[in-house]
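Here is a short report on one protein model. Look at the sequence and the structure first, then read on.

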Amino acid sequence: MITLSKTEREIIESSIRDIKDFPKEGIIFKDITTLLNNKEAYGVLMNHLYQRYKEYSLDYVAGIDARGFIFGAALAQMLGLGFVPIRKKGKLPYTTISQKYALEYGVDEIEVHIDAFGEQKGAKVLIIDDLIATGGTANAAAELVNQTGAECIECCFIIGLSFLEGIKKLEEKTKVYSLIEVN
Ligand code: AMP
């Protein structure tokens, strides 16, 4: 199983910017736009994800709205796989299934097209997002994937806020890989 080297970790970690009190007081927002516009960091990250997940025999990569789309769509293309968006409620045009969940700040609902992972049951799916906080979003996403008849093989996050215990909770449901853990 491929994990991050010390140098890779340092390059990725130092490219992520902390914004205090956004979107409300008390939240330290992890800004990944400074990772995306840094070609070295973005390259190191995507290469690492490719090296890890090329061994997994996946069928799809599913990204969580909206930052999960950036990493997920690029990774799916590198792996030669299809990409599935898991979207905020009301954005997908065809028949969907949906799940409500609690955020670190607020309540929301996500959905996926009922046929997103193909006709055959048991498609192997990697879910990806930029960050796991309470784990509410990712739990709902894993639930949705499994409800379509596909199988969530692993949830991957660039950043894990381990002090919120979302990773622990999600690990009861599926495997979890978070590259940079913040304690
Ligand atoms: P949660 O459901 O609590 O795990 O929240 C995860 C979702 O909210 C992800 O889609 C993140 O992009 C976003 N999010 C939550 N907290 C933060 C944070 N401190 N910095 C950046 N994004 C966050």
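This is a predicted model: local features need pLDDT of at least 70, side-chain atom pairs count only at pLDDT 80 or more; totals for chains, interfaces and linings use all residues.

## Helix α1

Helix α1 spans residues 6-15. Its buried residues are E8, I11, I12 and S15. They sit on the same side of α1, because they cover an arc of only 90° around the axis. In general, an α-helix has 3.6 residues a turn, so residues three or four places apart point the same way.

The face turned away from the buried side carries K6 and S14, which are exposed. What do the buried residues of α1 pack against? Their partners are β1 (17-20), α2 (33-36), α3 (39-53), β8 (151-161) and β9 (175-182).

## Residue D31

D31 belongs to strand β2, residues 28-31. Its relative accessible area is 9%. The cut-off for buried is under 20%, so D31 counts as buried.

The side chains of D31 and T33 are joined by a polar contact of 2.8 Å. Beyond its neighbours within four places in sequence, D31 touches I16, R17 and I19.

## The sheet

Seven strands form an open sheet with mixed pairing. The order is β5-β6-β4-β3-β7-β8-β9. β5 (96-103) and β9 stand at the edges. Each has a single partner strand, so one side of each lacks a neighbour in the sheet. From one strand to the next, the twist averages 20°.

Strands β3 (residues 60-64) and β4 (residues 82-88) run parallel and are joined by five bridges. In one of the pairs, Y60 has G82 of β4 as its bridge partner.

Helix α5 (residues 136-147) packs on the sheet. It touches β3, β4, β5, β6 (106-113), β7 (124-132) and β8. The direction of α5 makes about 160° with that of β5.

Methods: Residues are numbered from 1 along each chain as its sequence is written. Side-chain values use heavy atoms; hydrogens and water are left out. Buried means under 20% relative accessible area, exposed over 50%, partly exposed in between (1.4 Å probe, protein chains only). Helices (H or I, at least four residues) and strands (E, at least two) are DSSP runs, numbered from the N terminus. The arc is that of the directions from the helix axis to the C-beta atoms. Contact means heavy atoms within 4.5 Å. A polar contact is a pair of N or O atoms within 3.5 Å; within protein, one must be able to donate a hydrogen and the other to accept it, and residues adjacent in sequence count only if both atoms are side-chain atoms. Two strands pair if DSSP finds at least two bridges between them. Axes are lines fitted to C-alpha atoms, for helices over the stretch in contact, and angles run from 0 to 180 degrees between N-to-C directions.
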